[in-house]
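Subject: Structure for your review

Dear colleague,

Please find below the structure I promised to hand over.

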Amino acid sequence: MKISRRALVIMKGEKVAANLYMFLGETVHEAEASDASSSSSERFAMVWHQKLGHMFEQGIKVLAEKNLLPSLTKVSLPFCEHCITSKQHQLQFNTSNSRSKNVLELVHSDVWQALVSSLGGAKYFVSFKTYKARVELDSSNKIKCLRTDN
């Protein structure tokens, strides 16, 4: 049995000739890997839960009762970390005292992290030269403050 961070791979082989084995494999994804010994019914329920966009348990039960989910007879969903994480609330941003009164007094920009370094070794970039020229020409104002996400 080989265990990785993302999946649990159960490897089995069947001898078909003298030195030839047929590989019979099954991949169990991370949500199912937490309880690899769980029943096949629970595994099927978790697979349908994921395929249906993390649908709530009662909704899956209704679909299963109407025989709309193949191979699913009993619905019992195990703990789903993704469902818990998605329901957490983030704190609100602090109220800002700096408000612009005119167009382009305060412009926000996103600094992007490149996956690969440039020839000069840069890993981050901001591209707004064309934007700056266009908005300053259209509004007859100049950018006074540029705020980025560090």
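Predicted model: local features only at pLDDT ≥ 70, side-chain atom pairs only at ≥ 80, totals over all residues.

Salt bridges

Searching the whole structure gives 4 salt bridges.

In helix H3, which spans residues 57-65, Glu 57 and Lys 61 sit 4 residues apart, about one turn of the helix. Their side chains form a salt bridge with an N to O distance of 3.8 Å. Glu 57 is partly exposed at 29% relative accessibility, and Lys 61 is likewise partly exposed, with a relative accessible area of 29%.

Helix H5 holds the pair Asp 138 and Arg 134, and because these residues are 4 apart in that helix, about one helical turn separates them. The salt bridge between their side chains has an N to O distance of 3.1 Å. Asp 138 is exposed at 52% relative accessibility, and Arg 134 is exposed with a relative accessible area of 51%. Elsewhere, salt bridges with shared partners link Lys 132, Glu 136 and Lys 142 into one network.

Lys 132 and Glu 136 also both belong to helix H5, where they are 4 residues apart, about one turn of the helix. Their side chains meet in a salt bridge at 2.9 Å, N to O. Lys 132 is partly exposed, at 34% relative accessibility.

Is Glu 136 buried or exposed? Its relative accessibility is 12%, which is under the 20% limit, so Glu 136 counts as buried. The residue lies in helix H5, residues 129-139. Leaving aside residues up to four places away in sequence, Glu 136 touches Leu 104, Asn 141, Lys 142 and Ile 143. With Ile 143 there is also a polar approach: a polar atom of the Glu 136 side chain lies 2.9 Å from the backbone nitrogen of Ile 143.

A nonpolar surface patch

Val 16, Leu 20 and Met 22 make a nonpolar surface patch of about 280 Å². Of these residues, Leu 20 is found in strand S3, residues 20-29. Leu 20 is partly exposed, its relative accessible area being 48%.

Kind regards

Methods. Residues numbered from 1 in each chain as written. Heavy atoms only, no water. Patch = residues over 30% accessible without salt bridge, like charges linked within 9 Å, V, L, I, M, F, W, Y side chains within 5 Å. Areas by Shrake-Rupley, 256 points an atom, 1.4 Å probe, with all protein chains shown as cover. Helix = DSSP H or I, 4+ residues; strand = E, 2+ residues; numbered from the N terminus. Buried < 20%, exposed > 50% of the residue type's maximum accessible area, 1.4 Å probe, protein only. Polar contact = N/O pair within 3.5 Å; in protein donor to acceptor, adjacent residues only side chain to side chain. Contact = heavy atoms within 4.5 Å.
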